[in-house]
Amino acid sequence: MSVAAPLLFAFDNSYVRELEGLYEPWQATPAPAPRLLALNEELATELGVDADALRAPDGVAVLVGNTTPDGASPVAQAYAGHQFGGFVPRLGDGRALLLGEVFDVEGRRRDLHLKGSGRTPFARGGDGKAPVGPMLREYAIGEAMHALGIPTTRALAVVATGDHVARDTVLPGAVLTRVAASHVRVGTFQYAAVHNGPTLVRRLADYAIARHHPHAVEAENPYLAFFESVVDAQASLVAGWMLVGFIHGVMNTDNMTISGETIDYGPCAFMDAFDPATVFSSIDHGGRYAYGNQPRIAQRNLARLAETLLPLFHVEADTALAAATDVLQSFPDRYDEYWSRGMHAKLGVADAQRSDGALIDDLLALLHAQSVDFTSCFRSLSSALRGDAAPARLLFAEPSAFDAWADRWRAQLSSQASDPRAIAEAMDRVNPVYIPRNHQMEEALAAASAGDLGPFRRLLDVLSQPFDERPGLELYAAPAPPSFGAYRTFCGT
Ligand code: AMP
Ligand code: MG
């Protein structure tokens, strides 16, 4: 560690101040030859930081962990987690550090976090490193999610370390600077409960309430209201994923935030052809985290959170359990409400109450039966409404089934007061043209790993405006060609 850099960020480290027992003070492993690969200027502006200052050597030294800036208090955060259903009492940041918290221009407290910054006391067998490819991938998918309007952690930068990372082959290493509402996870509560007990869980809950769910303080039972608020945030988040065909891939409790932001873009990917059983992760043999299972898994993870909070809900164990169960059982209805609202918007249906209830399920059944690309189909519906059904019909091997569905759909829309052009416009604001297509992403990452960042930057630009069709970008809207084959993603990259 070298001397402190000039002030880039004004840190205020509440996590370290208030949550002793849930972290280990630690320093990043110095990077031998840092080189900035990607800088998120929009996010820098949001944080009130001068992008040029971050690009300068002193700035890059902070982003890669070679300099601890004034006011930062780097720690590896402790957490536990249910991984694929099995409880691991001590996970924690094995290759990451919370640098500290800063206030953005809107006054929101945000974590600055380094990922790939070397081994920590939580590293277990890991090398503490991250390769360039997966860090750029996290950057791009996070930006895509943000542009799609889905709550997410975001990357401020990716800096190549100049170090090598041994995986199947030797790869260049990188550090990703992550910005998050916080890194408090369901697994953080599990760690507090298992290693310390109710006193620390209460402190953590008070912290999380103040930081993420402040309205809960006013409730008769603030901890129960807090739990309810997390349940609702996750129901909304997972519905957001499902509405764009996003598959997280590793919904362990350590990868579920209390804030309701998406975190840890490891084996995630977007689905092409609609199939609820879609799985990309190479280690998810049973399809535990398949697309269609995500709502159920979220609810199960929330049950793990509830278990840690029971003593705070009520002194009587039975009463606490009954209250927790009530809230937990509200998850499916909350999820259905977010999903159905989102799906009706995708179809342009204004009045969900009076809608043909089977419209959504019947369309999805058709997409499944005929292996139709989820994103392309929803986007093509606005053209059909404008009078050109060809783009939609072309997606179906047997378009007559689509025609019959479309007749019912049009009948539904004709009962609405709005002008079809206005409905089509609104649909184009919720049905993206561009999502991170797996083949496009792989191509961009391969070029970046070979030293050419051009395709990655172009992809980022495309993903930054997912709803605006732009001429010349047709290839980015298309699903993978058959030659791309079955896509596989990896954990612990
Ligand atoms: P993940 O499934 O990627 O969220 O990671 C699960 C756990 O493994 C977390 O505790 C990570 O910090 C840890 N981990 C993943 N990769 C590494 C690595 N290369 N070195 C040390 N720890 C790691
Ligand atoms: Mg994780």
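The legends below describe close-up views of a predicted model.

**View 1. The largest pocket of the predicted model.** The space in this pocket comes to about 800 Å³. It is lined by 38 residues, and those closest to the pocket centre are Gln-83, Arg-95, Arg-124, Asp-264 and Gly-492. Sorted by class, the lining of the largest pocket holds 14 nonpolar, 12 polar and 12 charged residues. Strand β7 (109-115) and helix α5 (132-147) each contribute at least two lining residues. The largest share, three residues, is that of α5. Domain 1 (3-180) and domain 2 (186-338) each provide at least three residues of the lining of the largest pocket.

**View 2. The second largest pocket, between two domains.** About 570 Å³ of space lies in this pocket. Its lining has 22 residues, and nearest the centre are Pro-134, Leu-171, Glu-442, Phe-490 and Thr-493. Two or more lining residues come from each of α5, β9 (170-180) and α17 (438-449). The lining of the second largest pocket is made up of 11 nonpolar, six polar and five charged residues. Because domain 1 (3-180) and domain 2 (186-338) both give residues to this lining, the second largest pocket lies between them.

**View 3. The magnesium ion (ligand 2) and its protein donors.** The donors from the protein are Asn-255, through OD1, and Asp-264, through OD. These donors lie 1.8 to 2.2 Å from the magnesium ion. Asn-255 and Asp-264 are both buried. Asp-264 is also among the residues closest to the centre of the largest pocket, and Asn-255 is one of the residues that line the largest cavity.

**View 4. The largest cavity.** The structure holds two cavities of 30 Å³ or more. The volume of the largest cavity is about 50 Å³. Its lining includes Gln-234, Leu-237, Trp-241, Met-251 and Asn-255. Also in the lining of the largest cavity are Met-256, Thr-257, Glu-261, Thr-262, Ile-263 and Asn-301. Helix α8 (residues 222-244) gives the largest share of this lining, three residues. By class, five residues of the lining of the largest cavity are nonpolar, five are polar and one is charged.

**View 5. Helix α13, largely enclosed by the rest of the structure.** Helix α13 runs over residues 374-385 and has 12 residues. From its first C-alpha to its last, α13 reaches 18 Å, close to the 16 Å expected at 1.5 Å a residue. Since 11 of its 12 residues are buried, α13 is largely enclosed by the rest of the structure. Among the buried residues of α13 are Phe-374, Cys-377, Phe-378, Leu-381 and Leu-385. Thr-375, Ser-376, Arg-379, Ser-380, Ser-382 and Ala-384 of α13 are buried too.

View 6. Phe-84 sits in the loop between β4 (81-83) and β5 (86-88). With a relative accessibility of 28%, Phe-84 counts as partly exposed. Ser-371 lies in the loop between α12 (359-369) and α13. Ser-371 is exposed, because its relative accessible area of 53% is over the 50% cut-off.

Conventions: Residues numbered from 1 in each chain as written. Chains lettered and ligands numbered in written order. Predicted model: local features only at pLDDT ≥ 70, side-chain atom pairs only at ≥ 80, totals over all residues. Heavy atoms only, no water. 1 Å grid on protein atoms, 1.4 Å probe; cavity = no way out; pocket = protein on both sides within 12 Å on 5 of 7 lines; lining within 4 Å. Points joined across faces, edges and corners; volume = space filled by probe spheres on them. Helix = DSSP H or I, 4+ residues; strand = E, 2+ residues; numbered from the N terminus. Nonpolar A, V, L, I, M, F, W, Y, C, P; charged D, E, K, R; others polar. Domains from an automatic or database assignment. Donors = N, O, S within 2.8 Å, 3.2 Å for Na, K, Ca; no water. Buried < 20%, exposed > 50% of the residue type's maximum accessible area, 1.4 Å probe, protein only. Expected span 1.5 Å × (residues − 1).
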